[in-house]
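Hi,

Here is the structure for your files. Please look through it, then read my notes below.

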Amino acid sequence: MSFHSMKVAEGLSTESSIVVETIQRSGMFGKLLTVERETSASIAFSLRSNGVSYRSNVSRISAATYRGKGKDGKEDSGLDIGIAPPQHAKWQSIGAIMVSEVVGAGVLTLSRKYAQLGWIPATIFIVVIFLITVYTSNMMVEVKKVFPAIISMADAADYTFGRVASSFVQVLMAIFLCTTLGDYMLLIGKSLASTLYSVHLCFPVWVTISLLVIFPVMQLRTLNSTTALCVMNMVSICAAVALVIAGLVIDGRDPGVETFLIAENLDFLTFMQALSAIFFTFGGQFMFYELMAEMTDFTEFPWTFSIAGPFQVPIYLIVGTVGYYYKGEAASGYFLDNLDFGWMYRAASALLFFHMTVGFLILGNVFSRIVHIKLSPYRVNDLGLRGKLEWLGCTSAVIVVSYLISNIVPFFDQLTSLIGGMLIPFVCMILPIVFQIKTHFMTGRRIKAWEWALWGVLICFGFLVLGVSTYMNVKAIIEGWSTYGAPFSCHCDGIWDTCECSPARMEFTGYNCTV
């Protein structure tokens with residue numbers, strides 16, 4: 001993920017020399033950053049020499065560009081270092097960005113989670129998981145105070161545990177980004193098909209059309225209007241959700257609908273499976289270090305939750321409770337499926353299509369930039385033919401992998417829950433705690449008994465959710481293949497206005513599918 005240039009900090013003896021490396025990182029929205037920092041090997045040497053504690057004190061983060069024709073040392077090679085630093089954002093601005101990004105695909109599953117858990121458990125765990133996110137985000141800030149050159153979770157692993165751990169986290173993040181983009185691609189195809197539900201094309205065809213729509217847009221090398229994109233993205237998903245809520249209110253609640261404080265027949269396995277989808281809704285934590293790198297004072301990052309929290313938690317609760325109230329145990333794992341066929345369903349689907357396309361563009365650009373930095377650091381911002389061809393190759397690979405995932409697991413609720421259970425607890429809860437523990441050891445800070453107890457409980461809870469929910473979600477996916485068809489089958493359920501494919505929706509649209 002990086003280009004390396006080594007030097008020894010001036011004015012230091014060989015015995016206590018600090019080795020500084022220059023690397024590249026993909027920052028917020030794929031921005032290319034140059035980072036000058038002490039190497040993890042230098043830190044290890046300092047620890048062995050001092051034997052007490054360590055605090056990193058050499059770091060510089062700046063925006064970077066490439067002229068990039070190669071390593072020949074001529075005019076077009078190497079880094080342009082010394083561009084104005086990116087750390088200009090206040091916590092209010094970062095909080096606004098987080099608000100625009102927090103409401104995404106995960107919120108669409110919450111009415112189903114209420115149906116699986118009941119009023120009390122679902123509400124409690126939405127709040128609890130938010131509080132855990134705030135707490136572990138504070139841990140991330142504390143680790144960055146010691147190692148200010150951290151730009152990503154992999155950097156945190158590098159500084160605390162070394163390059164092997166960093167490589168492991170990079171692979172983990174790549175899996176997370178690939179599967180999340182696959183989830184986005186699935187939703188893009190599904191929302192496009194739902195917008196045009198009277199056009200009876202199979203799901204893989206709709207996803208292929210979505211791929212063709214996304215491909216040219218993904219060739220954009222930079223996202224210069226990211227703030228505007230984020231605002232439009234937030235407005236589109238809120239409008240889509242509002243249309244569904246309005247449709248449910250207009251249609252009214254069926255007299256036979258039942259809801260429960262604690263869901264009937266709720267067992268441990270179902271409980272863990274439902275939690276995995278709630279975890280997914282708080283999965284943005286993987287980008288928090290990139291957001292901190294944009295701030296004038298990253299120690300103010302926890303204040304961003306005073307803006308994001310009052311927006312994020314209420315909208316999650318509203319979506320979950322309204323869907324559950326009006327549909328009861330029949331509440332869908334895809335919020336828009338709570339509507340009948342009609343103009344409101346079309347409009348909400350079109351808005352969701354726009355939202356997920358923009359989300360794919362932003363996240364896909366970030367991941368493509370990471371891949372490009374890893375494979376060809378000298379040409380990341382090369383606007384020449386070779387640089388464009390390399391970018392074409394990176395984006396094509398990202399899109400194709402996303403396309404395959406969306407067709408292999410064409411079930412939105414199950415794929416979202418799988419990602420939320422298998423990856424989010426580890427990336428967003430377990431890793432920050434482990435990095436904090438190691439940082440305490442490195443700096444000689446004593447860990448209190450209550451901290452050991454709390455962190456131990458959270459780590460055990462994270463692994464429990466990871467193991468049990470992954471088993472349950474994989475089982476649900478296999479059952480889905482048996483019920484609805486294998487990967488790349490037609491999968492017309494819910495997207496065609498026919499009794500064969502969408503009997504339940506056709507019934508509450510007014511058709512009699514029993515005749």
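S276 sits in helix α9 (helices are DSSP runs of H or I with at least four residues, strands are runs of E with at least two, both numbered from the N terminus). This is a predicted model: local features need pLDDT of at least 70, side-chain atom pairs count only at pLDDT 80 or more, and totals for chains, interfaces and linings use all residues. Residues are numbered from 1 along each chain as its sequence is written, and side-chain values use heavy atoms, with hydrogens and water left out.

S276 is buried, at 0% relative accessible area (buried is under 20%, exposed over 50%, partly exposed in between; 1.4 Å probe, protein chains only). Its side chain makes a polar contact with the side chain of N473, at 3.3 Å. A polar contact is a pair of N or O atoms within 3.5 Å; within protein, one must be able to donate a hydrogen and the other to accept it, and residues adjacent in sequence count only if both atoms are side-chain atoms. Leaving out residues up to four places away in sequence, S276 touches S417, G420, G421, S469 and N473 (contact means heavy atoms within 4.5 Å).

Now helix α14. This helix spans residues 412-422, and nine of its 11 residues are buried. Among them are S417, G420 and G421. The cover over the buried residues of α14 includes α9 (268-281), α13 (385-408) and α16 (449-484).

For the whole protein chain, count 17 helices and six strands. Of its 515 residues, 59% are buried.

Best wishes
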